[in-house]
Amino acid sequence: MKKQGIFSGILFIGFGLYFLSEQLHVPFLRSFQSWPTLLMIVGLALLGQAHYAKEYQQIFAGTILFGFGLHFHFSQYIKGWPNNTGTLLLIIAIGMLLHSQKTKSGFVYGLFFLLLSCALLFYNRINQWFNFVESGVSVLWKFWPAGLIIVGTYLLFIKKR
């Protein structure tokens, strides 16, 4: 890291605010006094380093740490927050896509993880859709001989003209 002061500065400020809020017993900050907040602080420090020092290789790690910390906070306090592998893969995909935007490499991997995370996050809906398609295909499968009749009729009467 060329400009070490940016990373260290953000890290010291973040940890200082974290421990100060713990010492002052501020009621509305009590929910942030946990280990996911520490992940978020380190992630923000890495993202700050990536942005201000133009060290774009830090984007991926910063996004992962900040995103995982945010995810673990949300999974504790938001009732309907998805808490499965798809959410974690989505955070990885976002990190890869942000990294590839600045470094011009790794876009395909980010896209792959994005599609995989969407498949895992929306598995139940996708499965319902495939069940609908499967039931529709099974109805059509019963009438496949009608398709032969239609093709034969076309060949006999319409194609002659």
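Mentor: Start with one term. A crossing is right-handed if the near helix is turned clockwise from the far one by less than a right angle, and left-handed if anticlockwise. Also keep in mind that this is a predicted model.

Trainee: Okay. Which hand is the crossing of α3 and α4?

Mentor: The α3 and α4 pair crosses in the right-handed sense.

Trainee: What numbers describe two packed helices?

Mentor: The angle between their axes and the distance between the axes.

Trainee: So at what angle do the axes of α3 and α4 cross?

Mentor: Roughly 150°, and the axes come within 8 Å. Angles over 145 degrees count as roughly antiparallel. That makes α3 roughly antiparallel to α4.

Trainee: Which residues of α3 meet α4?

Mentor: On the α3 side, Ile59, Phe60, Thr63, Ile64, Gly67, Phe68 and His71. Their partners in α4 include Leu88, Ile91, Ile92, Met96 and Lys102. By class, the α3 and α4 contact has 10 nonpolar residues, six polar and one charged.

Trainee: Next pair. How do α2 and α3 cross?

Mentor: Helix α2 covers residues 35-52 and helix α3 covers residues 58-77. Their axes cross at roughly 155° and come within 7 Å. α2 and α3 are therefore roughly antiparallel to each other.

Trainee: And is the crossing of α2 and α3 left-handed or right-handed?

Mentor: Left-handed. Look at the side chains there too. Trp35, Pro36, Leu39 and Met40 are among the α2 residues in that contact. On α3, the list includes Ile59, Leu65, Phe66 and Phe72. The α2 and α3 contact divides into 16 nonpolar residues, eight polar and no charged.

Trainee: Changing topic: pockets. What volume does the largest pocket have?

Mentor: About 260 Å³. Its lining is Ile10, Gly14, Leu17, Tyr18, Ser21, Leu29, Phe32, Thr37, Met40, Ile41, Leu44 and Phe66.

Trainee: Which helix gives the most to that lining?

Mentor: α1 does, with five residues. α1 spans 4-24, and both α1 and α2 supply at least two residues each. The lining of the largest pocket divides into nine nonpolar residues, three polar and no charged.

Trainee: And the second largest pocket: what volume?

Mentor: About 180 Å³. Here α3 and α4 are the elements that give two or more residues to the lining. α3 gives the most, with six.

Trainee: Which residues lie nearest the centre of the second largest pocket?

Mentor: Gly67, Leu70, Trp81, Ile91 and Ile94, out of 13 lining residues.

Trainee: How many residues of each class line the second largest pocket?

Mentor: Nine nonpolar, four polar and no charged.

Conventions:
Residues numbered from 1 in each chain as written. Predicted model: local features only at pLDDT ≥ 70, side-chain atom pairs only at ≥ 80, totals over all residues. Heavy atoms only, no water. Axes fitted to C-alpha atoms, helices over the stretch in contact; angles between N-to-C directions. Helix = DSSP H or I, 4+ residues; strand = E, 2+ residues; numbered from the N terminus. Parallel < 35°, antiparallel > 145°, perpendicular 65-115°, else oblique. Contact = heavy atoms within 4.5 Å. Nonpolar A, V, L, I, M, F, W, Y, C, P; charged D, E, K, R; others polar. 1 Å grid on protein atoms, 1.4 Å probe; cavity = no way out; pocket = protein on both sides within 12 Å on 5 of 7 lines; lining within 4 Å. Points joined across faces, edges and corners; volume = space filled by probe spheres on them.
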